[in-house]
Amino acid sequence: MAASKPVEPQCAAGLPRWQLALLVGAPLALGAGALYLWSRRRADKDSGKRPGERTTPEGSASPAQGPDAAEALRRELESMSPLDRAQAAKNKGNKYFKAGKYENAIQCYTEAIALCPAEQKTDLSTFYQNRAAAFEQLMKWTEVVQDCCEAVAMNPRYVKALFRRAKALEKLDNKKECLEDVTAVCILEAFQNQQSMLLADKVLKHLGKEKAKDKYKSREPMMPSPQFIKSYFSSFTDDIISQALQKGEKKDEDKDKEGEAAEVTESSSYLKARQFMEEENYDKIISECSKEVDSEGRFTAEALLLRATFYLLIGNATAAQPDLDRVIDMQDANVKLRANALIKRGSMYMQQQQPMLSTQDFNMAAEIDTRNPDVYHHRGQLKILLDQVDEAVGDFDECILLRPDSALAQAQKCFALYRQAYTGNNPSQVQTAMDGFEDVIRRFAKCAEGYALYAQALTDQQQFGKADEMYDKCIELEPDNATTYVHKGLLQLQWKQDLDLGLELIGKAIEIDNKCDFAYETMGTIEVQRGNLDRAIDMFHKAINLAKSEMEMAHLYSLCDAAYAQTEVARKYGLKPPTL
């Protein structure tokens, strides 16, 4: 799909990528298959609780007391030690708590705290944590935090207190400290409790969105690498603005009817922009297109579309949309220009997580230009993202029917069928899809994308040696494709646990394309797993500065915040996950 990364399969466990920056000690397999699976639930499930739910105070409740036992109880209390009297007050508080009498429970826990000797830190921390549980039921979040702080001060690895404080901090909109607490809990629980994992995911997403919203508005637009730009335009086969400039004059009635590129026979700012495009002098294209639009020249529609395309490439969707809107609304414009604008606006909407608007644009493009293979190719990719595989395959088939030599559509159709069979656990259909890949690379031996997608499927099937061969073929065909080096590097980690070779290949990707955000993101993730948190944060920041959409930037901030939270947890509590 235009203006987006190549479609990659999801982790088998459906985990968000922030967990790649937290979870360690598991095989690393980005983009290819499962990395980590957490599905174990506690015995809470059998009792009707949500998995991992923590609601009750600690310690047993005192049995019901009859009126005849009051005097005996008074004498018993007088003979008890201060700690025993504190425990008795706590047990009485537990009884009130279970009865839903939280104010009474708080009074009892307060009494227990007052009675408990200062040197009994473990007991004191429990009393504070229990009182925090009662305050939590009354939604007194500040008091919850205060009592949990007391508990954690005496018992720094007190999971219940840390998690209860994390929840209260979230209610108080203190996401940074909430994240630190829930990160500590995840590490202490070895990432086995679903409730704490979900809270961490929720907070990271909110933090990422908040930071990306501010950063993206003020970011300096950055032109991606020439390799990325060429790869982007290669995904279109029926795009007037990306076709090679024609030389020689044609009759007026023949010009632009069937989508031919404009001839270089007159002075035009748009044609200058096209010339700059062929020369890979991309930084001058937007300004030349603006001159054409401002002068209302002959190629205004083409200039608007080309300018919008480069606005999208530098990540300025706000500037791109008005240009795309204008082209789409030009009823007298070449229909292929309008269809291309709809494809790009639909892709932009998908990046902005507006699938309904995206679908509407692709459907409209199919209505106005029924025989445009680009429409079906890019809509097929959209359908994969929406998990509508049958419809995706139908679109790829239509694209192939219109352009039988479309190797990319053939490969992506195989990949869609493979993902459907793999997630549906259908071995026979998996084999059929794998046979389809073999057919694609046989018939389209020069299509690097076919080898790359086949390699991802082979990695899923743990056929690592053959996957490695496919990546080598990709590199042979496209030696300047940085993404292939990243995937090959990840394969070495999963296959041979060869950290040095994996990092060397990812470093090669950055050397080839120092604007490859995927390489920096992956390097950061690996550095987290190695325990090099400062370097990881540096890598994530480099990726953030290269993000092509606000949504992508939010995801990268989540990774960065997860790494930073670990540095704080290590500093405060001496907690570190195991490293590679």
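Biologist: Which residues touch the most other members of the largest nonpolar core?
Modeller: Ile-285, Leu-306 and Phe-310, in a core of 53 residues. A nonpolar core here is a set of buried Ala, Val, Leu, Ile, Met, Phe, Trp, Tyr and Cys residues joined through side-chain atoms within 4.5 Å. Buried means under 20% relative accessible area, exposed over 50%, and partly exposed in between, with a 1.4 Å probe and protein chains only. Helix H12 (residues 300-313) gives the largest share of this core, 10 residues. Helices are DSSP runs of H or I, at least four residues long, numbered from the N terminus.
Biologist: Where does another core lie, and how many residues has it?
Modeller: Apart from that one; the other core has 48 residues, including Tyr-128 and Ala-161.
Biologist: Before I go on, what should I know about the model?
Modeller: It's a predicted model, where local features need pLDDT of at least 70 and side-chain atom pairs count only at pLDDT 80 or more, while totals for chains, interfaces and linings use all residues. Residues are numbered from 1 along each chain as its sequence is written, and side-chain values use heavy atoms, leaving out hydrogens and water.
Biologist: Okay, what is Phe-310 in contact with?
Modeller: Leaving aside neighbours within four places in sequence, Phe-310 is in contact with Met-223, Ile-229, Phe-233, Met-277, Tyr-282, Ile-285 and Ile-286. Contact means heavy atoms within 4.5 Å.
Biologist: New topic: is Tyr-158 buried or exposed?
Modeller: Buried, because its relative accessibility is 8%. Tyr-158 is in the loop between helix H5 (141-154) and helix H6 (159-171).
Biologist: Which residues is Tyr-158 in contact with, beyond its sequence neighbours?
Modeller: Leaving out those within four places, Glu-58, Ser-125, Thr-126, Gln-129 and Ala-151. Ser-125 is 33 residues away along the chain, with 8.5 Å between the two C-alpha atoms.
Biologist: And H18, which helices do its buried residues pack against?
Modeller: H16 (373-385), H17 (389-402), H19 (427-443) and H20 (448-460). Among the buried residues of H18 are Cys-414, Phe-415 and Arg-419. Just after H18, Asn-425 has a positive phi of about 55 degrees.
Biologist: Last one: at what angle do the axes of H22 and H23 cross?
Modeller: Roughly 175 degrees, and the axes come within 8 Å. Axes are lines fitted to C-alpha atoms over the stretch in contact, with angles from 0 to 180 degrees between N-to-C directions. So H22 is roughly antiparallel to H23, a label for angles over 145 degrees.

Methods:
Helix = DSSP H or I, 4+ residues; strand = E, 2+ residues; numbered from the N terminus. Parallel < 35°, antiparallel > 145°, perpendicular 65-115°, else oblique.
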